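Subject: A structure for you to explore

Hello,

Here is the structure I promised to pass on to you. Have a look at it first, and then read my notes below with the model open beside you.

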Amino acid sequence: MALPPRTRTETRAEEWMRLALAEARAALETQDVPIGAVVVGPDGTVVGRGRNRREADGDPTAHAEILALRDAARALGSWRLDGCTLVVTLEPCAMCAGGIVLARVPRVVLGAWDDKAGAAGSVLDVLRERRLNHWVEVTGGVLQGECSRLLLDFFAAHRRGGDDDAGPPGPGPGGPAGFGG
């Protein structure tokens with residue numbers, strides 16, 4: 001049986017996720033967990049980029065999503081990112097989900113789900129919490145295999161190298177693999 005043709009939206013989401021994956025791979029240069037993000041403006045152009053930089057900067061808040069949101073806000077000249085889409089290789093944590101809500105981002109596209117720290121539906125659902133003043137549309141699983149493999153390989157290498165702080169990823173109800181931390 002043939003698969004249905006891919007929609008333009010699905011094709012664009014994969015294109016954007018490939019850009020986020022490039023950011024994630026760049027994080028490897030600084031020994032950071034390979035998570036990358038891009039913010040796409042209403043016209044479909046990338047207006048912000050980020051990759052994990054916690055190790056590089058010694059900053060616990062230097063997550064890919066936060067850095068991409070900051071970059072987009074500078075580029076657009078506004079903290080309100082109305083009409084933008086955040087594309088990220090791993091489901092956002094609670095901190096990042098809070099930043100997404102506060103920036104008024106209407107849509108998040110994510111690659112891998114995180115059953116240990118995810119806040120877009122796996123552990124928490126901050127992005128669609130009805131008691132908050134803004135809700136976010138979530139599309140998950142875009143290039144999930146590539147996003148998961150990058151993280152699994154990273155953590156496997158750290159386990160072989162004796163880095164106990166990385167913690168092992170594992171399967172769980174939120175998706176095929178959890179990457180908390």
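Before we start on the annotated residue, a word on what such an annotation is: UniProt positions follow the numbering used here, and annotations may be inferred rather than shown by experiment. Please also keep in mind that this is a predicted model.

**The annotated residue**

Which residue does UniProt list for "active site"? In an unreviewed entry, the record gives Glu65. You will find Glu65 in helix H3, which covers residues 64-76. Is Glu65 buried or exposed? Buried means under 20% relative accessible area. Glu65 has a relative accessibility of 4%, so it counts as buried. Leaving aside residues up to four places away in sequence, Glu65 touches Ala37, Leu86, Val88, Leu90, Glu91, Pro92, Cys93 and Cys96.

**The sheet**

How many strands form the open sheet? There are five, in the order S2-S1-S3-S4-S5, and their pairing is mixed. S2 and S5 (137-139) stand at the edges with a single partner strand each, so one side of each has no neighbour in the sheet. From one strand to the next, the twist averages 15°.

Let's take S1 (residues 36-40) next. Five of its five residues are buried, so S1 is largely enclosed by the rest of the structure. In a regular strand, side chains alternate between the two faces of the sheet. You can follow this along S1: Gly36, Val38 and Val40 point one way, Ala37 and Val39 point the other way, and all are buried.

With S2 it runs antiparallel, joined by five bridges, and here Gly36 stands opposite Arg51. S1 and S2 form a hairpin with five residues between them, and Gly44 in the turn has a positive phi of about 90°. S1 also pairs with S3 in the antiparallel sense, over four bridges. In that pairing, Val38 stands opposite Val87, and the bridge partner of Val39 is Leu86.

Why can S3 (residues 85-90) be called largely enclosed by the rest of the structure? Because six of its six residues are buried. S3 pairs with S4 (residues 107-112) in the parallel sense over five bridges, with Leu90 opposite Ala112. To get from S3 to S4, the chain crosses through helix H4 (residues 94-102), and this β-α-β crossover is right-handed.

Helix H1 (residues 8-27) lets you try a quick check of helix length. At 1.5 Å a residue, its 20 residues should span 28 Å; the end C-alpha atoms are 29 Å apart, which agrees. The buried residues of H1 include Ala13, Trp16, Met17 and Leu21. What covers the buried residues of H1 includes the strands S1, S2, S3 and S4, along with helix H5 (144-160). H5 itself lies across S3 and S4, running at about 60° to S4.

Enjoy exploring, and write back with any questions!

Best wishes

Note on methods:
Residues are numbered from 1 along each chain as its sequence is written. This is a predicted model: local features need pLDDT of at least 70, side-chain atom pairs count only at pLDDT 80 or more; totals for chains, interfaces and linings use all residues. Side-chain values use heavy atoms; hydrogens and water are left out. Helices (H or I, at least four residues) and strands (E, at least two) are DSSP runs, numbered from the N terminus. Buried means under 20% relative accessible area, exposed over 50%, partly exposed in between (1.4 Å probe, protein chains only). Contact means heavy atoms within 4.5 Å. Two strands pair if DSSP finds at least two bridges between them. A crossover is right-handed if, with the strands pointing away from the viewer, the path from the first strand over the helix to the second runs clockwise. The expected span of a helix is 1.5 Å times one less than its number of residues. Axes are lines fitted to C-alpha atoms, for helices over the stretch in contact, and angles run from 0 to 180 degrees between N-to-C directions.
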